Amino acid sequence: MSNDRKQAIKLGAVSVGSLLVVAGFPAVLMQLTSAQINQLQRYLDAAVVDPDVQQRTNEVYRKGTKYSGQLVYTDPETQRKVDRVMREYIPVHALDDTVRLDLSKLLDAKALAPTTDNPDEAEYLESVRKWLDKQGVWLRVAPKLVKDPDDRSRWMYDGKHFDVWLSLGPRGDAIPTKTGRINREALLSTQIIGANYWRKVDKGPVQSALDRQVQTLRSQIEDGMALHAEMIKIRNEAAIGVVAISDVLGGANFPSYQIWDGPNTLVVSAMKMQNAGLTWGSNLLLIVAAVSVRNAANLLNTYIAKTTSGAARTVKVLKVARTAGKVAEVGLAVATGVALVTGVGAASGVVAADSVVDAAAEKELGKYIARNPEIAGELNSVKLVPGPRGTVLGNIKGGHSAGYGEGFHKW
């Protein structure tokens with residue numbers, strides 16, 4: 001044992017081993033190399049040795065220095081004594097208080113595994129893995145304030161108490177861990193990693209797109225219900241027989257107000273799935289809801305167009321249908337990564353566009369049900385308005401080759 005170490009022990013220096021064990025980091029201690037332990041021990045020893053050396057040096061100077069007016073004289077022997085004392089001084093350099101650890105021995109196997117099907121999460125966690133490899137995880141120690149035993153109202157550094165923690169990089173954010181093991185909770189509790197997770201995942205492109213789809217659909221459902229309620233009021237206030245004659249002459253059937261219940265239910269279910277991190281399923285439910293809103297708006301528009309209810313209402317309800325249809329297209333683009341080309345080769349364009357969207361929606365829904373058959377029961381319990389030809393996105397049957405069943409209930 002070196003004289004420096006003996007002197008440090010005599011002065012009460014804490015050892016690296018006892019410090020890490022008391023801090024709850026025995027696993028970290030086990031992976032330290034001899035060079036790393038020696039580096040940290042010198043830092044801990046310096047905390048008690050250097051103040052003692054400085055105090056003894058000052059005492060030698062005081063005794064060997066004479067003052068005569070403004071003249072100060074220190075004899076050569078005093079300087080030699082000072083030099084001998086200063087040989088015990090332990091120099092401390094930048095980063096002597098930290099060592100890089102082997103991440104593979106500390107990182108929990110599931111720490112960077114996605115817990116949702118959100119691709120933004122997988123992408124972000126992979127970037128965290130690369131960041132950890134580049135910056136490294138470091139063990140750090142720093143003097144800890146304690147109360148002065150001679151004056152309990154005063155705080156001081158005594159060189160014998162230290163804080164111990166892990167950090168991202170040698171001077172980066174602290175990684176909260178009580179054992180030295182780094183799990184998912186510890187990573188996401190690290191300030192910069194947690195903040196970026198919120199920004200890039202919780203508020204990332206996929207979740208933001210779902211939020212916009214939800215908001216748009218809820219708005220269009222409210223508009224559709226308002227127009228429907230307006231038509232109900234007109235019918236209720238019309239003279240006796242006028243509505244019946246108008247319906248017969250126009251060949252129109254007034255749809256039930258309940259046509260909006262189905263898409264409303266689906267939007268709520270989609271929001272629950274989104275909050276649970278099931279973004280694929282949430283997106284598909286919103287696509288089905290959007291198709292149903294479009295179909296409901298088209299059904300209401302068919303009635304309006306066949307009666308004398310006014311062109312202004314037709315414009316409004318068609319806007320609901322178009323907006324909902326666009327939500328379905330956007331959702332499909334998110335699901336497939338490919339934007340749809342609609343309306344090609346169709347006389348009117350509208351029916352062709354709807355059929356293209358519906359066919360793509362059926363295909364994606366079939367893929368999801370094949371992996372998650374439980375959602376079929378939820379969709380079967382929701383009554384939806386039929387689309388073109390009455391066959392698109394009907395009652396879902398698990399295991400059906402096309403992913404859908406016998407068509408819609410009739411309104």
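Modeller: Start with the hairpin of β1 and β2: two residues lie between the strands, and G69 takes a positive phi near 65°. Helices (H or I, at least four residues) and strands (E, at least two) are DSSP runs, numbered from the N terminus. This is a predicted model: local features need pLDDT of at least 70, side-chain atom pairs count only at pLDDT 80 or more, and totals for chains, interfaces and linings use all residues. Residues are numbered from 1 along each chain as its sequence is written, and side-chain values use heavy atoms, with hydrogens and water left out.

Biologist: How do you know that strand β1 and strand β2 pair?

Modeller: Two strands pair if DSSP finds at least two bridges between them. Strand β1 (residues 65–68) and strand β2 (residues 71–74) have four bridges, in the antiparallel sense. So the two strands meet the definition of pairing. K66 stands opposite Y73 in β2.

Biologist: What makes E88 and R56 a salt bridge?

Modeller: The term asks for a side-chain nitrogen of Lys or Arg within 4 Å of a carboxyl oxygen of Asp or Glu. For E88 and R56 the N to O value is 2.4 Å. Therefore the pair qualifies. The pair links distant parts of the chain, 32 residues apart: E88 sits in the loop between α5 (76–86) and β3 (98–100), R56 in helix α4 (residues 34–64). D52 joins R56 and E88 in a network of salt bridges.

Biologist: Why is E88 called partly exposed?

Modeller: Buried means under 20% relative accessible area, exposed over 50%, and partly exposed in between (1.4 Å probe, protein chains only). E88 has 28%, so E88 counts as partly exposed. R56, at 29%, is partly exposed too.

Biologist: What separates E77 and R80 in helix α5?

Modeller: About one helical turn, because E77 and R80 are three residues apart in that helix. They form a salt bridge, with the closest N and O atoms 2.8 Å apart. E77 has a relative accessible area of 33%, so E77 is partly exposed. R80 is partly exposed at 44%.

Biologist: Are R294 and D358 buried or exposed?

Modeller: Both R294 and D358 are buried. They form a salt bridge, the closest N and O atoms being 2.9 Å apart. This pair also links distant parts of the chain: R294 is in helix α12 (residues 279–305), D358 in helix α14 (residues 350–371), 64 residues apart.

Biologist: How many salt bridges does the structure hold?

Modeller: The structure holds 14.
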